[in-house]
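Please read the following report alongside the sequence and the model, which are shown here.

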Amino acid sequence: MTRSHDRLTGFLRRHASALGVLLVLLLLLLGLTVWIVVHGVSARDQPTSAEVFLARTLRHAAMPRRECAMVNPVQPSDAVLEEGRMHWADHCALCHGNDGRGNTEIGRNLYPKAPDMTAPATQGLSDGELFAIIKNGVRLTGMPAWGGASQAQDDQTWKLVLFIRHLPKVTPDELDRMRTMNPISPMERREAQAEDDFLNGTDAPPSAEGGAAPTARKESR
Ligand code: HEC
């Protein structure tokens, strides 16, 4: 009995610091569980700045250094920027907005929210980190992984990186052109068609309602 007691005391003394760390981690986990239960899991809430800081720091820490250091192999030009712009309007603007500020119905109601990508927090990320985020997505957030393994798809992603760098300078004229590339639902298409018909005085007869032909401009990456 005394011998086992001595052995336990010895063990506790030898591993005091490791046990201390374990205790702190357990308390943190308990605190986090209580915090989640008390605050609920609604995606409407605005994440606290501590959460944003922690999430971004962990995301950065989990990003392989090799990927962060990658250099954009695509040289910027008007044509390349146009490709990135149209690709963004078609695939990314749903959450991020054409102007990249994340002020869309989906973007502002996600948790974490789609960030304002014109702000220094995003613009300060390296090209390689932006590329890796687009290619692999971000776990436990609304950010999906895009593209596949081919070089052509990687090039598309690098063009998106160039467009992200351009976001702070995007002009109203560019935004107008991007709106024509934003995907719209069949219901929105029908509404737009009905509005056009009304304005042109060519209202469709009731039987043809909802029969607007779908456009085939949405392509997959
Ligand atoms: C379904 C919604 C959604 C779509 C569509 C989407 N994203 Fe995101 N994206 C997010 C969310 C949410 C975040 C925030 C992730 C986080 O906090 O780690 C994000 C983060 C990012 C970031 C990191 C910015 C930063 O500062 O944290 C980049 C870069 C990015 N997205 C690029 C893209 C590109 C390019 C596309 C289109 C090919 C795209 N996203 C499509 C939701 C989306």
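A residue is called buried if 20 or more other C-beta atoms lie within 10 Å of its own, exposed if 12 or fewer do, and partly exposed in between, with C-beta atoms placed from the backbone. Of the 13 residues of α1, the number buried is zero, so this helix lies largely in the open. This is a predicted model, in which local features need pLDDT of at least 70 and side-chain atom pairs count only at pLDDT 80 or more, while totals for chains, interfaces and linings use all residues. Residues are numbered from 1 along each chain as its sequence is written.

The protein chain has eleven helices and zero strands, where helices (H or I, at least four residues) and strands (E, at least two) are DSSP runs numbered from the N terminus. Of its 221 residues, 16% count as buried, and its C-alpha trace spans about 100 × 45 × 30 Å along the principal axes.

| Helix | Residues |
|---|---|
| α1 | residues 2–14 |
| α5 | residues 78–91 |
| α9 | residues 151–166 |

The axes of α5 and α9, which are lines fitted to C-alpha atoms over the stretch in contact, come within 8 Å and cross at roughly 90°. That makes α5 roughly perpendicular to α9, a term used for angles of 65 to 115 degrees on a scale from 0 to 180 degrees between N-to-C directions.

Note on methods: Parallel < 35°, antiparallel > 145°, perpendicular 65-115°, else oblique. Expected span 1.5 Å × (residues − 1).
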